[in-house]
Each structure stands twice: as structure tokens, then as C-alpha cells.
Amino acid sequence: MRKVKINFISTIKQENVLKVKKEYIGHLIEKNHCYYLRYKDAEYGKVTVKYDKVTHTITCLWENHHVKRMVFSMEYVTEMLYQLPQSHLLLDVHTMMLNVDIFEDLLKKIVFAYQLKEKDDIFGEYTIQYDIRPC
């Protein structure tokens with residue numbers, strides 16, 4: 001387990017464009033051909049970002065979010081469940097881009113872009129970037 005500084009940048013395009021920048025201190029763990037990036041967010045609680053080097057997929061888990069789990073893959077469309085107060089919304093996750101930078105066996109950067117769709121209607125377009133540096 002390695003302590004890391006995480007720079008997080010997210011762009012959200014729905015009706016408007018919103019850009020979010022945050023910094024975290026977290027941990028990077030490598031185990032069984034996967035990297036796990038873990039940190040705590042004031043709003044969403046514990047967050048885990050898993051990169052699988054074999055399948056080249058990203059899985060994001062949130063402790064306190066309307067979405068508990070999302071999987072990003074360039075190979076296939078995945079689904080996510082968005083919890084609403086009295087029901088839920090099933091959305092398709094279309095990964096448009098997924099880049100991972102590993103240098104000297106250290107995960108340095110994760111960048112991915114995706115669209116959420118309900119049937120064929122685009123719900124939103126998103127880009128997420130994690131820059132990871134040792135503390």
C-alpha cells in the first residue's frame with residue numbers, strides 16, 4: 001500500500017457544462033493484476049477506483065452516492081443503476097475513451113470519457129481524470 005496524492009478533474013455535460021477539480025490523499029494498492037486507488041470524499045464517502053490490467057476495465061465504487069458501482073470498458077456497453085428517492089433509472093454506460101499511464105510499475109494517470117444513455121437518448125457526457133503522485 002502506497003500513500004498518494006490524487007488530483008481529480010471531472011467534466012460533466014448535461015444541460016450545462018460543469019468542471020470539478022479536487023485534491024485527495026489516498027492509497028494505491030497493486031494486487032492480482034489490478035490497481036486499486038482508494039480515497040475518501042467529503043460528499044461521497046469512501047471511493048475505490050479499480051483498474052484491471054488484464055481486461056483493461058475501470059470499476060468505480062462509491063459509498064454514499066446515487067450510483068454505487070460503474071464499470072467502464074472499451075469492449076462492451078455496461079449498465080448502471082441510478083437510485084432515485086422512490087425508484088431507479090437504468091442507464092447504459094458507453095465508454096468513449098479509456099487511457100491509463102503506468103510508469104515503472106506505478107499507476108500515474110487514469111483518464112476516461114463516457115456517455116450515459118437511456119435507450120438511445122443521451123443523458124449526459126462525462127470525462128474523469130485522476131493524476132496520481134507518491135506523497
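Strands (E, at least two residues) and helices (H or I, at least four residues) are DSSP runs, numbered from the N terminus, and two strands pair if DSSP finds at least two bridges between them. In these terms a hairpin joins E3 to E4 through 3 residues. The model is predicted, so local features need pLDDT of at least 70 and side-chain atom pairs count only at pLDDT 80 or more, while totals for chains, interfaces and linings use all residues. Residues are numbered from 1 along each chain as its sequence is written, and side-chain values use heavy atoms, with hydrogens and water left out.

**Overall architecture**

- The chain contains 0 helices and 10 strands, and its elements run β-β-β-β-β-β-β-β-β-β from the N terminus on.
- The radius of gyration, taken over C-alpha atoms, is 15 Å, close to the 14 Å that the globule rule gives for 135 residues, so the chain is as compact as a globular protein of that length. The globule rule is 2.2 Å times the number of residues to the power 0.38.
- Along the principal axes, the C-alpha atoms of the chain fill a box of roughly 40 × 30 × 25 Å.
- Of the 135 residues, 41% count as buried, where buried means under 20% relative accessible area, exposed over 50% and partly exposed in between, for a 1.4 Å probe and protein chains only.

**The sheet**

- An open sheet is formed by 10 strands in the order E6-E5-E4-E3-E2-E1-E10-E9-E8-E7, with antiparallel pairing.
- Strand E6 (69–73) and E7 are the edge strands, each pairing on one side only.
- From one strand to the next the twist averages 25°; axes are lines fitted to C-alpha atoms, and angles run from 0 to 180 degrees between N-to-C directions.

- E2 and E3 are antiparallel and pair over 6 bridges, with Lys 31 opposite Cys 34 in E3.
- The hairpin of E2 and E3 has 2 residues between the strands, and Asn 32 in the turn has a positive phi of about 50°.
- Gly 26 belongs to strand E2 and is buried, with a relative accessible area of 2%.
- The C-alpha atoms of Gly 26 and Leu 37 are separated by 7.1 Å, although the residues lie 11 residues apart along the chain.
- In E3, 6 of the 8 residues are buried, so this strand is largely enclosed by the rest of the structure.
- E3 is joined to E4 by 8 bridges, and the two run antiparallel; Leu 37 stands opposite Val 49 in E4.

- Strand E4 (residues 45–52) is joined to E5 by 6 bridges in the antiparallel sense, and Asp 52 has Thr 57 in E5 as its bridge partner.
- The hairpin of E4 and E5 has 4 residues between the strands, and His 56 takes a positive phi near 55°.
- Strand E5 (residues 57–62) is mostly covered, with 5 of its 6 residues buried.
- E5 and E6 run antiparallel and are joined by 5 bridges; Cys 60 is paired with Met 70 in E6 as its bridge partner.
- Between E5 and E6, which form a hairpin, there are 6 residues.

**Pocket**

- The largest pocket holds about 620 Å³ of space. A pocket, found on a 1 Å grid over the protein atoms alone, is an open set of points with protein on both sides within 12 Å along at least five of seven lines, and lining residues have an atom within 4 Å of a point.
- Grid points are joined across faces, edges and corners, and a volume is the space filled by probe spheres set on the points.
- Of the 26 residues that line the largest pocket, Ser 10, Ile 12, Tyr 44, His 65 and Tyr 114 are the closest to its centre.
- Strands E1 (2–13), E2 (17–31), E3 (34–41), E7 (78–83), E9 (106–118) and E10 (121–134) each give two or more residues to the lining of the largest pocket.
- The lining of the largest pocket has 19 nonpolar, 4 polar and 3 charged residues. Ala, Val, Leu, Ile, Met, Phe, Trp, Tyr, Cys and Pro count as nonpolar, Asp, Glu, Lys and Arg as charged, and the others, Gly among them, as polar.

**Cavity**

- The structure holds 1 cavity of 30 Å³ or more, a cavity being a set of points where a 1.4 Å probe fits but cannot get out.
- The largest cavity has a volume of about 30 Å³, and its lining residues include Arg 2, Leu 28, Lys 108 and Arg 133.
- E1, E9 and E10 are the elements that give two or more residues to the lining of the largest cavity.
- By class, the lining of the largest cavity has 6 nonpolar, no polar and 3 charged residues.
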